[in-house]
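Subject: Structure for your review

Dear colleague,

I would be grateful if you would read the summary alongside the coordinates.

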Amino acid sequence: MEVSGDRITDPWGARTPYGRGGRWPVRTDSCLAEGVSEEDVGAWVRAASLLHSDGDAMDIAVRDGRIVGVRGRAGDRVNRGRLEPKDLYAWQANGSADRLTRPLVREAGRLVESDWPTAMGRIVAKSRELIASHGPESVAFYTSGQLFLEEYYTLAVLARAGIGTPHLDGNTRLCTATAAEALKESFGSDGQPGSYGDIDHADAIALFGHNIAETQVVQWMRILDRLDGPDPPRLLCVDPRLTPVARRASVHLAPRLGTNVALLNALLHEVIRNGWTDPGFIDRHTVGFEALRKQVASCTSRWASGICDVPAAAIEEAAELLGTADRLLSTVLQGFYQANQATAAAVQVNNLHLVRGMLGRPGAGVLQMNGQPTAENTRECGADGDLPGFRNWQNDDHVADLARVWNVEPSAIPHDAPPTHAMEIFRLAEQGTVRMLWISATNPAVSLPELARIRSILSREGLFTVVQDLFLTETAQFADVVLPAATWGEKTGTFTNADRTVHLSEKAVDPPGDARPDLDIFLDYAALMGFQDKDGGRLVHWTGPEEAFEAWKRCSAGRPCDYTGLSYEKLRGPSGIQWPCAEDSPDGTDRLYGDGPAWAHPDLCETYGKDLVTGEPLGEDWYRSVNPDGKALIRPAPYVPPKEWPDDDHPFQLTTGRTLYHFHTRTKTGRVPQLVAAAPDVWVQIADADATRLKLAEGDLVDVTTRCGTLRGRLRIGAVRPGVLFVPFHYGYWDTPAGNAPAPGAPGRAANETIPTHWDPVSKQPQFKTAAAALTLVVRAAGTAGPTGGEAALASDLPSMPRYLPPDSGRRGP
Ligand SMILES: Nc1nc2c(c(=O)[nH]1)N[C@H]1C(S)=C(S)[C@@H](COP(=O)(O)OP(=O)(O)OC[C@H]3O[C@@H](n4cnc5c(=O)[nH]c(N)nc54)[C@H](O)[C@@H]3O)O[C@H]1N2
Ligand SMILES: Nc1nc2c(c(=O)[nH]1)N[C@H]1C(S)=C(S)[C@@H](COP(=O)(O)OP(=O)(O)OC[C@H]3O[C@@H](n4cnc5c(=O)[nH]c(N)nc54)[C@H](O)[C@@H]3O)O[C@H]1N2
Ligand SMILES: [Mo]
């Protein structure tokens with residue numbers, strides 16, 4: 001491999017420092033196959049990253065019809081040429097020998113190779129039979145945050161107006177459901193206020209439950225370059241682990257798991273008490289400040305200190321950082337979204353920005369982050385259960401408008417109940433109401449909570465399962481029909497990153513064997529099912545990606561996510577472009593809401609709001625009465641302790657998450673030698689103090705047991721707060737002898753064997769980050785069994801926890 005530097009041991013590469021308000025310098029990263037030089041490359045084909053939500057722009061190197069490498073695109077606003085380790089290496093997975101090349105169908109209990117007419121024939125026959133006998137609600141779709149916009153839109157149209165099922169959701173439920181919900185609760189509608197450009201201007205950056213150094217690696221390079229340049233920003237990190245972000249932070253708060261709302265309420269208390277608010281902004285642009293002031297009046301730093309187990313002085317120091325910043329940028333991700341009180345906690349970050357007037361100016365913004373590369377599009381297109389274009393399902397005018405776009409009757413679009421969320425779809429499948437489940441581009445047999453239960457649902461007699469994937473995943477092995485899909489580099493489409501930047505990703509090579517683009521599969525299904533509009537025309541009337549994009553543009557017209565000013569041609573220009581992009585904003589829109597929220601008016605909003613504790617819808621009358629003029633909503637919430645709390649049997653708090661070197665269930669990164677070597681197997685991270693107390697050593701083999709199940713891994717000591725265990729969730733079974741589940745009677749390897757089924761009542765996002773767990777020694781390490789490869793480099797000096805943690809901070813109750 002020809003790579004720019006050793007990007008396994010030095011993932012962030014060389015620094016290119018710059019000062020506040022300056023332009024982030026270009027640095028072009030590339031990786032080419034062994035023996036290939038730039039002169040050998042036949043063509044460079046435009047693409048963007050599909051392994052996180054940054055949308056790093058790149059070109060795919062092609063020689064003799066094969067992908068031979070990648071190079072960052074210097075002119076792009078997002079990455080200015082940089083690529084991160086996964087993107088540098090993971091293109092190799094496209095060429096894996098075990099890609100699915102033919103459809104598979106189940107015969108006498110076994111999956112056997114088949115052809116497209118047979119596989120689609122079975123799906124269509126089953127759909128028709130079920131719709132006729134049990135109604136459209138017997139069919140459900142569980143999709144992804146990793147397909148293209150054109151694919152989600154097509155799926156949303158066919159599921160909603162074609163079949164008429166309310167059961168359509170994405171794995172974005174596990175990922176960005178809380179981001180969307182928090183934006184809706186505060187601003188009336190989904191839509192990211194901030195911009196990555198804010199990193200260039202901020203004088204304070206706060207990361208809430210977000211290990212950006214490992215999960216949006218290129219934007220961390222940007223922050224590192226600011227930190228090493230003149231006039232660096234101050235950094236706040238809120239994370240129970242000593243992540244690479246925490247190591248560079250001016251203030252690191254490491255709260256007990258599940259106590260984010262208590263911490264934020266204390267920070268808001270301090271900001272208000274010290275008069276760090278912006279009364280003019282509050283007056284002009286918000287409603288609800290008085291209620292917030294009352295809610296946090298008693299939430300002193302001392303009070304929060306008792307709950308979060310963070311010293312009061314540290315909370316005050318953090319509040320000062322947030323309260324005195326001139327341009328504050330905050331980001332929020334899974335340490336909030338997958339934890340206790342997800343939406344309530346994320347909304348408090350919005351509140352912080354609203355009371356400080358930190359919105360819509362360079363450097364002053366909120367990024368309620370996305371995780372998956374195309375999660376934004378799942379949401380915009382309504383493949384997450386909501387209606388396309390951020391339309392409000394409770395507003396008849398919005399439904400009628402959508403019906404006009406699709407040329408169907410409003411009654412053809414299910415809208416009399418809230419969208420069915422993914423966890424509910426699986427419950428309906430368990431109960432037998434959902435009888436056909438079509439899963440595209442997600443691997444729930446590893447990524448959902450309580451895996452034993454998920455496996456039993458997927459293997460139910462009465463459930464017909466379709467799985468559309470690149471590989472025979474843990475999930476695909478349970479399917480009745482497996483459809484081989486083309487992916488990144490093998491198909492054309494657009495997608496939108498976490499700061500609303502739209503990129504075009506084009507086909508560079510042919511997919512393997514008979515594999516087909518997901519769009520073609522959905523189009524084929526729509527045609528075979530004969531879905532019609534109200535005049536008998538074809539409901540899904542487009543035949544390829546560009547036509548699908550044009551159809552979506554019409555659906556987005558006049559909506560917050562207006563795409564009408566974009567085209568494939570325009571997206572072939574030097575850089576991705578941020579929506580909204582319409583006639584009056586041909587170059588896109590950097591930031592939203594500089595003049596207050598634009599989509600919060602009762603007639604325009606996407607939601608009328610929910611109770612932040614119970615999740616109960618508050619209703620149109622409530623919304624009209626509190627927010628008649630469509631201002632931003634300051635929504636207070638009390639702290640509520642997590643459902644799971646340590647006790648004598650389960651003395652630890654267990655949390656799960658990511659490593660820099662792998663993507664999710666490793667279907668791609670687990671097939672790339674450099675990344676496998678960097679992080680070969682699951683581990684269990686424990687605090688120094690706990691390891692010493694329990695006489696455990698680095699590399700010891702341990703079992704982690706919760707009320708739900710057990711996993712086994714090697715111990716890694718340090719860099720996490722006492723009382724907490726951390727396990728990466730990437731490791732499933734496809735590369736173990738058992739194939740799709742733990743060997744009978746054996747403990748699992750997947751984190752989700754141990755994660756119980758709880759979700760946030762507001763966003764319905766599962767809580768992957770708060771379980772009570774026990775730890776037991778299985779076998780002592782033989783010799784040195786510490787981390788190897790890149791993980792060893794990242795963990796090189798795993799120190800014990802930071803100055804702010806008292807040594808006895810293990811197990812006290814809330
Ligand atoms: N390398 C890599 N990058 C990725 C991905 C990947 O799989 N690998 N996946 C992408 C996707 S889909 C997503 S969603 C993002 C996720 O990106 P992140 O949210 O940054 O990643 P996580 O590791 O899930 O969680 C972030 C942090 O939350 C902390 N945390 C856990 N519990 C709590 C808590 O109760 N309170 C607080 N304050 N913090 C807590 C953890 O210690 C962890 O460091 O990453 C994206 N980027
Ligand atoms: N314990 C725990 N569990 C978690 C999390 C956690 O932090 N802790 N995080 C959650 C989050 S944020 C997320 S996003 C989920 C991710 O969970 P999943 O979505 O289940 O994870 P992936 O491995 O990304 O699965 C994507 C699948 O799509 C396939 N695929 C890739 N590209 C294409 C394509 O173009 N077409 C088709 N048809 N298939 C394709 C891949 O081979 C893979 O099988 O996991 C969630 N689960
Ligand atoms: Mo995610």
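In the residue classes used here, Ala, Val, Leu, Ile, Met, Phe, Trp, Tyr, Cys and Pro count as nonpolar, Asp, Glu, Lys and Arg as charged, and the others, Gly among them, as polar. By these classes, the lining of the largest pocket consists of 10 nonpolar, 10 polar and 12 charged residues.

The model is predicted: local features need pLDDT of at least 70, side-chain atom pairs count only at pLDDT 80 or more, and totals for chains, interfaces and linings use all residues. Residues are numbered from 1 along each chain as its sequence is written, and side-chain values use heavy atoms, with hydrogens and water left out.

Pockets

A pocket is an open set of points on a 1 Å grid over the protein atoms alone, where a 1.4 Å probe fits, with protein on both sides within 12 Å along at least five of seven lines; lining residues have an atom within 4 Å of a point. A volume is the space filled by probe spheres set on the points, which are joined across faces, edges and corners.

The largest pocket has a volume of about 510 Å³. Of its 32 lining residues, E181, D386, P418, P419 and K610 lie nearest the centre. Helix α4 (residues 177–187) gives the most to this lining, with 4 residues; helices (H or I, at least four residues) and strands (E, at least two) are DSSP runs, numbered from the N terminus.

The second largest pocket holds about 410 Å³ of space. W12, E214, P244, R247 and L794 lie nearest its centre, among 26 lining residues. Its lining comprises 12 nonpolar, 4 polar and 10 charged residues.

Domains 2 and 4

The bounds, from an automatic or database domain assignment, include domain 2 (104–173 + 390–421 + 433–554) and domain 4 (652–795). The centres of domain 2 and domain 4, taken over C-alpha atoms, are separated by 32 Å. Their contact (heavy atoms within 4.5 Å) takes 20 residues from domain 2 and 27 residues from domain 4.

Across this interface the rule finds 1 salt bridge, defined as a side-chain nitrogen of Lys or Arg within 4 Å of a carboxyl oxygen of Asp or Glu.

Backbone details

Most residues other than glycine have a negative phi, and most peptide bonds are trans. F390, however, has a positive phi of about 55°, and the peptide bond from W579 to P580 is cis, with omega near -5°.

Yours sincerely

Conventions:
Chains are lettered from A and ligands numbered from 1 in the order in which they are written.
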